Amino acid sequence: MGPRSRWSPWCLLAPSHGSCLFLLFCLHLSASCPQACQCPDHAGAVAVHCSARGLQEIPRDIPTEAVLLKLDANKISRIPNGAFQHLQQLRELDLSHNAIETIGPTAFSGLAGGLRLLDLSHNGIRRIPKDALGKLSAKIRLSDNPLHCECALQEALWALKLDPDSVHEIACHTSAQEEFVGKPLIQVLDSGVSFCSTHHKTTDVAMLVTMFGWFAMVITYIVYYVRHNQEDARRHLEYLKSLPSAPVSKDPVSSAP
């Protein structure tokens, strides 16, 4: 069973003797609706409802004029690059209650200017894809995901516009610091904790070790160079000493009577 057509109501008012071109025009306006989904018109806008349909991937035949897309309560595990790039009129995207673990870096390309709400709550997201979400101006819901609290997550959240109604439900499922596991992330950060401070300390130690290694190499090279030159100078001096002494010439003028 293929995609279902969504007829514009005013097309039904066309006279029975209308031209075929007019009917084709109506068919063009009535964009196809994904199979098993519903695409009702609401005040001239298109809403696509695909909730709880057992979908394992993003449908490809979503009407381009859709302003609301509900894909919640399905079995979607990944969002590929460019999945919504043709939906430039989309204002609200609901991907909650899926099994999403992977999000492509350009998964939401084309939505940066118009999207107002992106719901990614209740999924399997462990790390926030900063490249994919950082350019969006939409409010983002990330609650009830098994997030790993680390410096990268903290830096990614700074670039996002989180939904204030659900931000306190974002918790550390795992953490670089064990004592924060299970605690609300915002509560941890508000207490003055910075996951990046530990990261920076580790980086500083690594830099010091690297610098010490380079310094040791330079000193070793200098010592080797000096010793090698000293050995060459000693051999050259011994060579000069081994040469026979030149006889002293007598001046014939001074020896004349």
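Where is histidine 122 found? Histidine 122 sits in the loop between strand 9 (117-119) and helix 2 (130-133), where helices (H or I, at least four residues) and strands (E, at least two) are DSSP runs numbered from the N terminus. The model is a predicted one, in which local features need pLDDT of at least 70 and side-chain atom pairs count only at pLDDT 80 or more, while totals for chains, interfaces and linings use all residues. Residues are numbered from 1 along each chain as its sequence is written, and side-chain values use heavy atoms, with hydrogens and water left out.

Histidine 122 has a positive phi of about 55° although it is not a glycine. Most residues other than glycine have a negative phi. Histidine 122 is partly exposed, with a relative accessible area of 32%; buried means under 20%, exposed over 50%, and partly exposed in between (1.4 Å probe, protein chains only). A positive phi, near 55°, is also found at histidine 97. This residue belongs to the loop between strand 7 (92-94) and strand 8 (102-103), and histidine 97 is partly exposed at 43% relative accessibility.

The side chain of glutamine 154 makes a polar contact of 3.4 Å with that of serine 194. Such a contact is a pair of N or O atoms within 3.5 Å; within protein, one must be able to donate a hydrogen and the other to accept it, and residues adjacent in sequence count only if both atoms are side-chain atoms. Leucine 157 has its place in helix 3 as well and is buried, at 10% relative accessible area. Its C-alpha atom is separated by 8.7 Å from that of glycine 134, 23 residues apart along the chain.

Turning to the surface, Arg91, Arg116, Lys139 and Lys161 gather in a patch of positive charge. Patches consist of residues with over 30% relative accessible area and no salt bridge, like charges being joined within 9 Å and nonpolar side chains (Val, Leu, Ile, Met, Phe, Trp, Tyr) within 5 Å. A salt bridge is a side-chain nitrogen of Lys or Arg within 4 Å of a carboxyl oxygen of Asp or Glu. Lysine 139 lies in strand 10 (residues 139-141) and is partly exposed, at 36%.

Valine 223 is placed in helix 5 (residues 195-242) and is partly exposed, with a relative accessible area of 37%.

Technical notes
Areas by Shrake-Rupley, 256 points an atom, 1.4 Å probe, with all protein chains shown as cover. Lys, Arg positive; Asp, Glu negative; His and termini not counted. Charge placed at Lys NZ, Arg CZ, Asp CG, Glu CD.
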